[in-house]
Amino acid sequence: SSGINAEYGDEPEQPFTEEDYRRRKPHPNFKSEINVEKQVIKLGKTDKTRFLTYVVAAGLPYGGKEDIFHYFFKVAWHGESAALNIIGTGENIVPTIHAKDLSNIVVSVADSKPKTRYILAVDDSMNSMTDIITSISKSLGTGNVMNISREEALLLPEITQRIFDIISVNLRMEGTW
């Protein structure tokens, strides 16, 4: 399964669809993910009767160990701050998917063997980071949020470059699965 980190585009207002996968322009930090996807698709074309391959490009998963959102949940849950941090303006759209929905899609793809080899797995929310962080804060914390600069965010030990790159994405994705 691939993820949103490899899907950076030039036109975030236009939803990214399954038909658009060939025209992607990966963020420099995620070129290796695109190369793996290309290899998977290429290997699947070698002997289609014995070896079927699919790339499932997933939105940011939530509903499990909260890998990317862990910091925000932890700060809210433990009351470590009067407000949760929103990086930059927070207007960026972050595609997401619940972990159970993603696993159901993977099982469904394996069972049904669709003709499409590149599948977008996202929910319909199209939430901004402000929406996501505000929801976490209201549900588990004080309900308060505050914007911090991108530079301030990178000074937080819990916000690694990987997490920063992923939560900074601004991408609308439309899954059809």
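**Close-up 1. Met126 sits in the loop between β6 and α4 (129-140).** Helices here are DSSP runs of H or I with at least four residues, strands are runs of E with at least two, and both are numbered from the N terminus. This is a predicted model, where local features need pLDDT of at least 70, side-chain atom pairs count only at pLDDT 80 or more, and totals for chains, interfaces and linings use all residues. Residues are numbered from 1 along each chain as its sequence is written, and side-chain values use heavy atoms, with hydrogens and water left out. Met126 isn't a glycine, yet its phi is positive, near 50 degrees. Most residues other than glycine have a negative phi. With 26% relative accessibility, Met126 is partly exposed (buried is under 20% relative accessible area, exposed over 50%, partly exposed in between; 1.4 Å probe, protein chains only).

**Close-up 2. Lys113 is another non-glycine residue with a positive phi, about 50 degrees.** Look for Lys113 in the loop that links α3 (99-112) to β6 (118-121).

**Close-up 3. Ser168 lies in the segment after α6 (161-167).** Its relative accessible area is 18%, so Ser168 counts as buried. The Ser168 side chain reaches the backbone oxygen of Phe164 at 2.6 Å. Setting aside neighbours within four places in sequence, Ser168 is in contact (heavy atoms within 4.5 Å) with Asn92 and Arg150.

**Close-up 4. Met126 turns up again, in the lining of the largest cavity.** Other residues lining this cavity include Ile93, Pro95, Asp123 and Arg172. About 40 Å³ of space lies inside.

Key:
A polar contact is a pair of N or O atoms within 3.5 Å; within protein, one must be able to donate a hydrogen and the other to accept it, and residues adjacent in sequence count only if both atoms are side-chain atoms. On a 1 Å grid over the protein atoms alone, a cavity is a set of points where a 1.4 Å probe fits but cannot get out, and a pocket is an open set with protein on both sides within 12 Å along at least five of seven lines; lining residues have an atom within 4 Å of a point. Grid points are joined across faces, edges and corners, and a volume is the space filled by probe spheres set on the points.
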